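Subject: Structure for you to look at

Hello,

Here is the structure I promised to send over. Please open it alongside this note; my findings follow below.

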Amino acid sequence: MPSRFRSPLLWITLAVLVIAATLPWYVSAYILGLLTVAYYFGVFAMSWDLLFGFAGEVNFGPTFLIGVGAYTAGILNSHYSVELYLCVAAGALAAVVAGFVLALPALRLRGPYFGLTTLVAVLILQSFVVVFADLTGGEIGLTIPDVLSINAGVNYWIALGFMAVSGAILFGLAQSPVGLILQASGQDPVQAGALGFNIIKHKLAAFIVSAFFSGLAGALMVFYMGTASVGTVVDLAVGVQVIVAAVLGGRRTVLGGALGAIFLIVAGEFLRPTGELATFIVSSVALLVILFFPNGFLGAVLSRGTRS
Amino acid sequence: MLALQILIDGFAISALYALGATGFTLIFGVSGVLNLSHGAVMVTAAVAAWAAGSVLHLNPYADALVGLLAALIAAMATYFVSVQPIQHSRRIPGEEKEIFILTATLLWGIMLQELVAYFFTNNAKTVLPIVQGVVSILGVRTPRNEVFTAIVCWAVIGLLWLLVNRTKMGKTVLAASMNPRGVTLLGHELTHIYIVVWAIYGILAGIAGVLLGMFLGVSSYSAGPLTASAFAIVVLGGLGSVSGSLIAAYVVGYLETLTAYLISPAYRSIPALLLLVVVMYVRPQGLLGRR
Amino acid sequence: MTSTWQATPILEVRGLTKAFGGLTAVKNLSLSLSAGEIFGLIGPNGSGKSTAMKSIMGIVRPTAGQVLFQGEDLAGLPAHKIARRGFGMVFQHSRPLNRQTVLENIMVALLPDSLLKVFADPSLTRRAREIAQRVGLEPVLDRRPPTLPFADLRRLELAKAIARHPKVVLVDEPFAGLTLAEVSVFSELIRSFRDEGRAVLLVDHNVKSVSALVDRVLAMYLGEEIVTGRADEVMRDETVRRVYLGGAIETAARPETSFKDKVPLLQVENISVHYGKAQALNNVSIHIHQREFVSIVGLNGAGKTTLFNTISGFLPYAGEIVRGGQRMRGLTPAQVARSGIVQCPETRELFGEMSVRENLDLGGQHLDDTERESQLAWLFDLFPILRERQAQMAQTLSGGEQQMLAIGRALMMKPEILILDEPTLGLAPVILEQLSKALEKLRQTTPITVLLGEQNVTFALPHADRVYVLEHARIVWEGDPGRFAREAGVDYL
C-alpha cells in the first residue's frame with residue numbers, strides 16, 4: 001500500500017530534511033529560532049490534519065489541546081520543579097485526557113455542534129488561565145525555569161528531529177490500514193458502519209492521537225521559549241493559524257501541514273517591517289488561498305497525480 | 001439597593017447583548033453562516049463613530065450615523081469577500097463549505113481588527129454619548145445613557161420583529177430561513193435575499209457597536225471577546241432561535257452582572273462559560289434550538 | 001428461474017415498525033428470507049421500503065419488532081455489529097475513497113475492526129483480487145474511482161458488500177442509473193450470489209425491472225405490506241394494481257389539432273441530464289401547447305422529477321428548452337418561476353412554520369392587493385378546505401391538505417404553465433377525488449397549461465390531452481390517453 005509514495009516523495013522529503021539539518025552551521029541564530037517555532041507549529045498542523053483530513057472532524061480549537069499540554073508542563077516545572085522530560089510527558093498525558101473528555105460528548109454531535117464544542121473548550125481554557133492567575137501566570141504568562149538547551153543549534157535540531165519523527169508516525173498512520181478505515185469513516189460514516197467498522201471508536205482514537213502530538217509539541221515548545229502565555233498557546237488566533245497552515249499546505253496530506261506552518265511563520269517574519277500590518281497581510285493571503293486554492297500546495301500537486 | 005442596581009445594570013447590558021445576538025442568529029438562521037467576524041464589525045462601528053467625533057468633530061447623532069454606515073459596509077464586505085465566493089465556488093466540495101466559510105469569516109474578522117488597530121491604534125475609545133446626565137430610578141443613580149441604551153436596543157428588536165412578521169420583504173426572509181428552495185420556486189433570487197439579510201445584520205451590529213462604544217467603550221482587542229460572547233449566547237439559546245437568543249442574552253447578562261458585583265469584575269465571564277459547558281453536555285442544541 | 005431455496009429461513013423479520021416522531025414509516029412488517037433466495041421489497045417513494053432495509057441493517061434503530069438471524073434477534077444493534085454477523089449492503093449512492101485504487105477500496109472492506117492494524121496483511125491483497133475478479137473489476141484494479149465509468153463504480157459497491165462472504169446481501173435499487181445492457185450483467189451477478197447460497201434482499205420501486213430476477217416479492221404501500229408472493233402473482237394482484245396504478249380509467253382528451261398556437265408553447269428538445277456519472281435523462285423530447293394538459297406517466301425513478309427540475313432551471317443539461325420561440329438556457333430557477341413556469345414539486349416545499357394564509361400570500365406577493373384578494377377568493381372556491389384552515393400552521397395539516405396548499409400557492413403566482421410532480425403520492429382516495437375535481441375545474445375554466453407527472457395512471461389519464469411514458473430515462477411512448485389505456489396500461493406494472 002505505501003508503494004505509491006515510496007519513490008519521489010520519500011526521497012525528496014529525506015533530501016529536504018538532510019539539508020535542513022545542516023542549517024545551524026551557516027545560518028544565523030535568529031533564523032534558527034524562527035524555524036524552530038515553525039517546526040513545532042508544523043506538528044500542530046499535522047496532528048490537526050490527521051483529525052480533519054481523515055476522520056473528517058473539524059477541530060476549531062486545536063489550541064485547547066496544545067494549551068493543556070503546554071500549561072501542564074509549564075506549571076509542573078515552574079511551581080513544583082519537576083524534571084523537564086517528566087513535565088513534557090505529563091503535558092502529553094494531560095492533553096490526551098483532555099482530548100478524551102472533549103471528544104466523548106462531542107463525537108455524538110453532528111453538524112456545526114462538534115466544531116462549536118471545540119471552540120467553547122478554548123474559551124473555557126482561556127478563562128481558566130486568566131482567572132487562576134497565581135497558578136498560570138494569568139495574562140502576563142508563566143515563566144519557565146528549565147529550558148531544553150541554551151544553544152540555538154541544539155534547540156533547532158531537537159525541533160527538527162521531533163517534527164520529522166512525528167511527521168513520519170502521523171503520515172505512516174494515515175497511509176496504514178487504520179488510516180484507511182479512518183478515511184472511510186470520515187467520508188461516509190453510514191457506509192463505514194455497514195462495512196463493519198465502529199466509527200466512534202476509530203474517531204476517538206484519531207482524536208487522542210491528535211491530542212497526544214499536539215500536547216507533546218506544545219509542552220516541548222514552551223521549554224524552548226521559556227514562557228507559556230495565552231497569546232502563544234491558547235488564543236483562538238493561534239488556533240486559526242494552525243488551521244490555516246494545514247489548509248495552505250493541503251488538507252488530507254498530513255505532510256502539507258509542516259509546509260504550511262513553515263510558510264506562515266517565515267512569511268510572517270518577512271512582513272515584520274510592515275509593523276502592525278503584518279498580521280493583516282498574512283490573514284489576507286491566507287484568505288485568498290482558501291478562496292482560490294482550497295487544496296493548498298501539496299493538495300494541488302497530489303491531485304494532478306490522481307487524475308492521470 | 002444593591003439588588004436594584006444589579007437589576008438595572010444587568011437589564012441594560014443584557015439588552016445590548018440581546019441586540020448583538022439577534023443579529024448573529026439572523027445570519028445563521030437565514031444563510032446558515034456562523035459569522036466569526038461579528039465582534040470586529042461591532043468594533044468597526046464603535047471606532048468609526050469615535051473617529052467621527054474626535055477627528056471630524058461631528059455631533060453625537062452624526063457620529064452614530066457614521067458608525068452605522070461603517071458597520072453596514074463592513075457587513076456587506078463580509079458577505080461578498082468571505083461568504084459568497086465560497087458558496088458559489090466549484091473548487092470546494094459541498095460538505096466542506098461550512099468549515100471554509102467559518103474559517104474565512106474568522107480570517108476576515110482578524111483583518112478588520114488589524115485594520116482598525118493600524119489606523120486608530122488599539123487603545124480603548126469611548127464614543128460621545130447622545131444622552132448625557134444622570135437619572136434616579138427608584139433611588140438608584142443611573143446614567144441616562146444606560147437607560148437610553150436599553151430603550152434603543154428593545155426598540156430596534158421590536159422594529160425587527162415588525163419587519164419580519166409584517167412586511168412582504170420580512171416574510172420572504174423568514175420563509176427563506178425555513179425553506180430556501182421554496183422561495184426560489186416562488187420566483188425570488190436567493191442571492192438578493194442574502195444581500196438584504198446581511199444589510200439588516202450590518203445595521204443591527206452597527207447600532208449595537210455604537211451603543212457599546214457609548215456605554216462601555218471598545219478597543220480593537222474587544223473584537224474577539226465580543227464574538228465569543230455573542231456566540232456563547234446563541235449556542236446557549238439554541239442555534240437559529242431568535243427568542244432563544246433573547247432569553248439566553250438575559251441569562252448571560254445577569255450572570256455576568258451578578259458575578260461582577262457580588263464576587264469580582266475579573267471573574268464576570270466564568271459562570272456563563274460554566275453554564276455553556278453544562279449545556280453542551282446535557283442539551284447541545286441549546287434551550288430552544290431548532291436546527 | 002431456478003433457486004436453491006432451503007426450508008428454514010435464515011432471516012425472519014417479525015412486526016418491524018419504525019416511527020420518526022409522529023410519522024410511522026414502517027408498520028408491522030413481516031417477511032422471511034431463506035438462503036439461496038432472491039426476495040424483492042417493492043414500493044413507490046414513501047412506501048417505507050428503504051427504511052425497512054435500513055432497519056434490518058441497523059442503520060436506523062427499529063421502534064419495535066424483531067429481526068431474527070439464525071435464531072438471534074438483531075433488532076436495535078448498531079450497523080457494524082450486524083455487518084460482522086454476516087450482512088453486506090450495497091448502497092444506492094457510491095462513495096468510494098477517491099484517492100485510493102479500486103484494489104485498496106476493496107481491501108478496506110476486508111479489514112478487521114481493529115485500532116492496531118498498522119501494517120498491511122499480504123493475504124488481504126490476494127483476497128481482494130479474487131473478489132475483484134468475481135465482479136468483473138480485474139481490468140481496473142489499479143485505477144482510481146474518478147477515472148472509472150458509472151457501471152464499474154457500482155461493481156465496486158457490489159464487491160465491497162460481498163467481500164467478507166456475507167450470508168445475507170441487501171441491495172438498494174440495484175439498477176438505478178444503469179443502461180439496459182448493464183442491467184442484464186448485474187442481474188447475472190446478483191443471481192450468482194444467490195446460487196452461492198446467499199440470501200439476497202432487493203429493494204426497488206419498479207416491479208417490472210426486478211420481476212425477472214426475484215423469486216418472491218413483497219409489495220409495500222404507506223409502510224405496510226399489501227401482498228407477498230411470486231413476482232407475476234403480485235403484478236396481477238388487484239390491490240397492488242389499484243394502489244400503484246389507480247382503478248378504472250376514463251379519458252376526456254382534446255385532440256392535438258384543437259390547440260391553436262402555431263408553435264408549441266414549450267418545447268423540450270433532446271435533453272440529456274447526468275447525475276455525476278449516472279444518466280438520468282437520455283435524449284428526451286416533449287412539447288406542450290397552450291392550454292393543453294399533458295401527463296408524463298412513469299414509475300418512481302423513471303426521470304420525471306429530473307425532467308421537471310431541468311425545465312425549472314435547477315439542473316445543467318445538454319439539448320435545448322424553448323419557450324415561445326425563446327431559448328431558456330441560462331435562466332436561474334427564480335427567473336423561470338417569475339416568467340410563468342411554476343413547479344409544485346413532489347416534496348411540496350411548504351413553509352412549515354407559517355400559516356396557510358401566509359404561504360398563499362407569499363405565492364401572491366408580486367400581485368397588487370386587489371388582484372391578490374380576488375385570486376385568493378378564487379382559490380378558496382377551488383379548495384374550500386384551505387379557507388377553513390387559513391390560520392393553521394402548514395406543517396400541522398394532513399397530507400392531502402398540504403398538497404392542496406402547495407398547488408394553491410403555485411396557482412397564486414398565476415402561472416402560464418403549471419408543473420405538478422406526483423401530487424397524489426401517499427394520499428387517500430377521497431383526497432384524490434377532490435384533487436381530481438379541482439384539476440377538472442382548472443381545465444374547464446382557466447387558460448392554464450398543465451404538465452402533470454404521475455405514476456398513478458387513473459389520476460393522470462382523465463385530465464390529459466396527451467400522454468408520454470417515461471421509463472428508465474427515455475420517452476418510450478407518446479399518444480392520446482384512450483390508446484394508452486388500451487395498449488400500454490396492461491403492461492405498465
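Chain C first. Of its 493 residues, 47% are buried. Buried means that 20 or more other C-beta atoms lie within 10 Å of the residue's own; 12 or fewer makes a residue exposed, anything in between partly exposed, and C-beta atoms are placed from the backbone.

Some ground rules. This is a predicted model: local features need pLDDT of at least 70, side-chain atom pairs count only at pLDDT 80 or more, and totals for chains, interfaces and linings use all residues. Residues are numbered from 1 along each chain as its sequence is written, while chains are lettered from A and ligands numbered from 1 in the order in which they are written.

Confidence
The predictor gives the complex an ipTM of 0.82 and a pTM of 0.83. For chain C, the mean pLDDT (the predictor's confidence in each residue, from 0 to 100) is 87, and 96% of residues reach 70 or more. Confidence in chain C is lowest in helix α19 (residues 488-491), with a mean of 56. It is highest in strand β16 (residues 341-344), at 95.

Chain C
Chain C holds 19 helices and 20 strands. These are DSSP runs numbered from the N terminus: helices are H or I with at least four residues, strands are E with at least two. The C-alpha trace spans about 75 × 45 × 45 Å along its principal axes. A compact globule of 493 residues would have a radius of gyration near 23 Å; chain C has 25 Å, which agrees. That radius is taken over C-alpha atoms, and the globule rule is 2.2 Å times the number of residues to the power 0.38.

One hairpin deserves a look. Strands β9 (residues 216-221) and β10 (residues 224-229) of chain C run antiparallel, joined by five bridges. Two strands pair if DSSP finds at least two bridges between them. C:V217 stands opposite C:G229 in β10(C). Two residues sit between the strands, and C:L222 takes a positive phi near 50 degrees.

Chain A
Chain A has 16 helices and two strands. Buried residues make up 56% of its 308 residues. A compact globule of 308 residues would have a radius of gyration near 19 Å; chain A has 19 Å, which agrees. Its C-alpha atoms fill a box of roughly 50 × 45 × 35 Å along the principal axes.

Look at helix α4 (residues 62-80) of chain A. Of the 19 residues in α4(A), 17 are buried, so the helix is largely enclosed by the rest of the structure. At 1.5 Å a residue it should span 27 Å, and its end C-alpha atoms are 27 Å apart, which agrees. The expected span is 1.5 Å times one less than the number of residues. Just after α4(A), A:S81 takes a positive phi of about 50 degrees.

Interfaces
Which chains does chain A touch? 28 residues of chain A are in contact with 33 residues of chain B, and 26 residues of chain C are in contact with 22 of chain A. Contact means C-beta atoms, placed from the backbone, within 7 Å.

- Chain C side, facing A: α2(C) gives the most, four residues. The residues divide into 16 nonpolar, two polar and eight charged.
- Chain A side, facing B: 28 residues meet 33 of chain B. The largest share, 10 residues, comes from α6(A).

Best wishes

Key: Two residues are in contact if their C-beta atoms, placed from the backbone, lie within 7 Å. Ala, Val, Leu, Ile, Met, Phe, Trp, Tyr, Cys and Pro count as nonpolar, Asp, Glu, Lys and Arg as charged, and the others, Gly among them, as polar.
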